Amino acid sequence: MTITKTSDKTIQQQALNLALNVFMEFEAPDYPDEGIEEFKRSLQNPSYIDNLCYYVAIEQEEIVGMLSTRNNGSHIALLFVNGQWQRKGIGRELIEFAMKDCNGSTMTVFSAPFAHGFYKKAGFEDTDVEQSSNGIRYFPMRKNCQAL
């Protein structure tokens, strides 16, 4: 498996497609319609997606995982791994790769409830209780960028 940072728009769109597919399979069943529609809108909003930094995990020429950051690499905006590839360390490797570009002292994430346990195992800590915005449920979390 290869992890790489990419500015290729075609690869970025493939990564966003993976994010939507994984979201619909694993997270959408626990979300209200408002949250599902908000997530879909965000993935189609050029002012949002064009300002992200993209990392992809590729296995046999297929994107099996993706991570994107914003705020100069200090906030994970999206992290999704194909269901068949989950629990194989890909998410953790994507985080470690992206943390090398983190320009702050901490990396933050708004973890979906489905991924909350994963982020805890990856060394993130809660900074507040579960929140909700426009139907999107999340736990604010952070990790020290020097904690690699």
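**Close-up views of a predicted model**

**View 1. The largest nonpolar core of the predicted model.** This core has 23 residues, and those with the most contacts inside it are Leu 67, Ile 76, Leu 94, Ile 95, Met 107, Tyr 119 and Phe 124. At least two residues of this core come from each of β2 (53–59), β3, β4, α4, β5 and β8. The largest share, 5 residues, is supplied by α4.

**View 2. Tyr 119 and its contacts.** Apart from neighbours within four places in sequence, Tyr 119 is in contact with Ile 76, Leu 79, Ile 95, Val 109, Ser 111, Phe 124 and Met 141. A second, separate core of 20 residues includes Leu 16, Ile 49, Val 56 and Phe 80.

**View 3. Thr 69 in strand β3.** Strand β3 spans residues 62–70 and contains Thr 69. Thr 69 has a relative accessible area of 1% and is therefore buried, the cut-off being under 20%. Apart from neighbours within four places in sequence, Thr 69 is in contact with Asn 51, Leu 52, Cys 53, Tyr 55, His 75, Ile 76, Ala 77, Ala 98 and Met 107.

**View 4. The largest pocket and its lining.** The largest pocket holds about 1100 Å³ of space. Of the 39 residues that line this pocket, Glu 27, Leu 79, Ala 112, Ala 115 and Tyr 119 lie nearest its centre. The lining comprises 22 nonpolar, 9 polar and 8 charged residues. Elements that each supply at least two lining residues include α1 (9–27), α2 (33–43), β5 (106–111) and β8 (136–144). Strand β4 gives the most to the lining, with 7 residues.

Technical notes. Residues are numbered from 1 along each chain as its sequence is written. This is a predicted model: local features need pLDDT of at least 70, side-chain atom pairs count only at pLDDT 80 or more; totals for chains, interfaces and linings use all residues. Side-chain values use heavy atoms; hydrogens and water are left out. On a 1 Å grid over the protein atoms alone, a cavity is a set of points where a 1.4 Å probe fits but cannot get out, and a pocket is an open set with protein on both sides within 12 Å along at least five of seven lines; lining residues have an atom within 4 Å of a point. Grid points are joined across faces, edges and corners, and a volume is the space filled by probe spheres set on the points. Helices (H or I, at least four residues) and strands (E, at least two) are DSSP runs, numbered from the N terminus. Ala, Val, Leu, Ile, Met, Phe, Trp, Tyr, Cys and Pro count as nonpolar, Asp, Glu, Lys and Arg as charged, and the others, Gly among them, as polar. Buried means under 20% relative accessible area, exposed over 50%, partly exposed in between (1.4 Å probe, protein chains only). Contact means heavy atoms within 4.5 Å. A nonpolar core is a set of buried Ala, Val, Leu, Ile, Met, Phe, Trp, Tyr and Cys residues joined through side-chain atoms within 4.5 Å.
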